[in-house]
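Open the model in your viewer and keep the selection tool at hand. This tour goes stop by stop: select, look, move on.

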Amino acid sequence: MAPMATRRPPNGQAPEPPLRVESREELVYLLGEACELEHGLLCEYLYAQFSLKRSVAEGVTPEQLARIQAWEATLIDVVKQEMLHLALATNILTAIGAAPHFERPNFPILSRWYPPDVQIALVPFGERALRHFMYLERPEGMPLEDAEGFAALGQMQPLRSDDPQLTAGAEEWHTVGHLYRGIEAGIAHLVDRHGEGGVFIGPPRAQATTQVFEWPQLTAVTDLASASRAIEVIVEQGEGARGDWVNSHFGKFVGILEDYLALRAADPSFEPARPVSPVYRREPPDIEAVTLIEDPLTSRVADLFNAVYEVILQLQSRYFVHHGETPDELETLAKTVKHLMNWVMRSLGPILTSLPVGPRLPGRTAGPAFEIVRPAFFVLPHREAAWKILRERLATLGGVAANLAGEPGLGALKVMAGNLDGFARDLGGHLDARASAIVTPT
C-alpha cells in the first residue's frame, strides 16, 4: 500500500487514512474522480453566481447590492481557480497517458458515484449554499457538517488490501485535499516501482500551459516534481496551505458567510438570490424527479445555455486530444474557450435565472442545470472534422442567439450572437488557410 505523502502536514486536526494506488488504472480512476469533482464544484459556484440579484429593482438596497456584487467578484475568482484546477488535473491525466475527463453525472450527484458524504448539487446563493461549499472545500481532517439536506447516504466498500486491483475501484476519501494527497502518494509509489520514464508517458505538448491560458501556475506535468507542484496549487488554493486557510476557497466562503449573516441580522428580509430552481428541458436518464421547464421562451434560452456549455467542453476536449494543430490553432481553441466563458456564459446565466420556469412553479425562475446529454459528444477525435463541427456549431448558436435577441427583454443576446459568429469565423479562418495551402498537382 502506498503511504500518504508526509512532507506536508495536513491542515485539519488529523490526517485522513491513505488511499491505495497499486496500478496506473487506479491512478487514472482517482484522477477521473478529481476532474469530476473540480467540474462539479465549478458548476455549483457558477450556479450560485448566476442566481444573484442584479439591481435594486429586485428588492435590495443600494448598499446590499454593493455587497452582492462583492460576493460575486469573489465567486468569479474562485470559479477561475476551479478552471485552473481542472486544467492541472487534466495535465496530470495526460502526463500518465490517459484521456481528458470532462464527463460527469447529471446534477444532483447525491450518492454512489463518490464516497457517500461527498455530494454535489445546484443550490442558489445563500447560507445553505455557502455552508455546503465550505464543507466541500474544508481542510483535510477538519470536523465539519455539510449543509442541511446533504446527509451522507449509505456506506461504501473501499478497496481491500487483498484486492489485486487489475481493474480500478472506488476508494473512501473525504475532502478534496485527501483525494489529491492520495493521488500524489500514488504517483510517487508508481514512480518508485516503474521510474519516472515508465509513469510519465504522455506528450507534454498535449497539455495546457501558461503560454496559452495565462495562469502563471499552469505548467506541463512531466515528472514527479511537476505533478507535486500541480497538486500543491490545487490543494493550497482550495483548502489553504499548512493550516493557513484564510485566503483559500474555504476561507473565502467563511468570509462571505460571516458577511451574509451580518446583513441578514440587520435586515431579516434580505434575500440576495433570485428564487431559482435547477431545471431541465428533458428528463435525463441518470436522474429522477427533475423539474422540467414549461415556459417556451425560457426553454429556448436554456437550450442555448446548455449548447454553449456543451461546445465549451468540446473545445476543451479537442485542445487536450489535439493532433496536427499548429500553435496558432491551439491558441484559437484556448481563447475560444475563455471567451465563451467570459463573454457568453457569464452573461447568459443571469438572463436565464430571470426567466420563469412555468405555471406549475409560479414565482420560480430557471436555474441552469448544466445538462449532460451524452458524454461522448465531447470528444471530437479527427482534426479537420472536429474543426468543421465546432465552426458549424458556433455559427448555429450565433443564429439562435440572434433570433432570441428579438424577443422582449432579451436584447442583450444580440451582443452574444455577434461574439458567437466571431468565434465561428476565427475557426473558419484556420480551415480556409489550410485549404488554400493545399497545392493541387497539375
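In which loop does Ala289 lie? Ala289 lies in the loop between S1 and S2. Keep in mind throughout that this is a predicted model.

**Stop 1: Ala289**

Stay on Ala289 and check its backbone. Its phi is near 55°, a positive value in a residue other than glycine. Most residues other than glycine have a negative phi. Now show the surface. Ala289 is exposed because its relative accessible area is 76%, and the cut-off for exposed is over 50%.

**Stop 2: the sheet**

Next, select the three strands. They form an open sheet in the order S2-S1-S3, and the pairing is parallel. Strand S2 (291-292) and strand S3 (365-368) are the edge strands, each pairing on one side only.

Now pick strand S1, residues 276-280. S1 pairs with S2 in the parallel sense over two bridges. Select Val279: its bridge partner in S2 is Thr291. Turn to the other pairing. S1 and S3 run parallel and are joined by four bridges. Select Pro278 here: its bridge partner in S3 is Gly367.

Is S1 enclosed or open to the outside? Four of its five residues are buried, so S1 is largely enclosed by the rest of the structure.

**Stop 3: Phe370**

Move on to Phe370, in the loop between S3 and helix H11 (383-404). Phe370 is not a glycine, yet its phi is positive, about 50°. Is Phe370 buried or exposed? With a relative accessible area of 0%, Phe370 is buried.

**Stop 4**

Select helix H9, residues 296-320. Pick out Gln314, which belongs to this helix. At 6% relative accessibility, Gln314 counts as buried. Leaving aside residues up to four places away in sequence, Gln314 touches Phe377, Phe378, Leu380 and Leu390.

Ser317 also lies in helix H9. Ser317 counts as buried, at 2% relative accessibility. What does Ser317 touch, not counting residues up to four places away in sequence? Its contacts are Pro100, Phe102, Phe378 and Val379. Show Phe378 on its own: this residue touches Gln314 and also Ser317.

**Stop 5**

Now select helix H2, residues 62-95. How many residues does H2 have? It has 34, and its first and last C-alpha atoms are 50 Å apart, close to the 50 Å expected at 1.5 Å a residue. Of these 34 residues, 24 are buried, so H2 is largely enclosed by the rest of the structure.

Step past the end of the helix. Gly97 follows H2, and its phi is positive, near 95°. Go on to Pro108, in the loop between H2 and H3. A cis peptide bond joins Phe107 and Pro108, with omega about 0°. Most peptide bonds are trans.

**Stop 6: Pro139**

Select Pro139, in the loop between H3 and H4. Pro139 counts as buried, at 0% relative accessibility. Pro139 and Val176 are 37 residues apart along the chain, and their C-alpha atoms are separated by 8.1 Å.

**Stop 7: H7**

Select helix H7, residues 224-238. At 1.5 Å a residue, its 15 residues should span 21 Å; the end C-alpha atoms are 21 Å apart, which agrees. Look at the start of the helix. There a side-chain oxygen of Asp223 reaches to within 3.4 Å of the backbone nitrogen of Ala225.

Why is H7 described as largely enclosed? Eleven of its 15 residues are buried, so the rest of the structure largely encloses it. The buried ones include Ala230, Glu232, Val233 and Gln237. Which helices do they pack against? The buried residues of H7 pack against helices H1, H2, H3, H4 and H8.

**Stop 8: H4 against H7**

Finish with one of these pairs. Two packed helices are described by the angle between their axes and the distance between the axes. For H4 and H7, the angle is about 175° and the axes are 10 Å apart. The two helices are therefore roughly antiparallel to each other. Colour the contact residues: among them are Tyr180, Ile183, Ile187 and Val191 of H4, and Leu224, Ala227, Ile231 and Val235 of H7.

Methods:
Residues are numbered from 1 along each chain as its sequence is written. This is a predicted model: local features need pLDDT of at least 70, side-chain atom pairs count only at pLDDT 80 or more; totals for chains, interfaces and linings use all residues. Side-chain values use heavy atoms; hydrogens and water are left out. The expected span of a helix is 1.5 Å times one less than its number of residues. Buried means under 20% relative accessible area, exposed over 50%, partly exposed in between (1.4 Å probe, protein chains only). Contact means heavy atoms within 4.5 Å. A polar contact is a pair of N or O atoms within 3.5 Å; within protein, one must be able to donate a hydrogen and the other to accept it, and residues adjacent in sequence count only if both atoms are side-chain atoms. Two strands pair if DSSP finds at least two bridges between them. Axes are lines fitted to C-alpha atoms, for helices over the stretch in contact, and angles run from 0 to 180 degrees between N-to-C directions. Angles under 35 degrees count as roughly parallel, over 145 as roughly antiparallel, 65 to 115 as roughly perpendicular and the rest as oblique.
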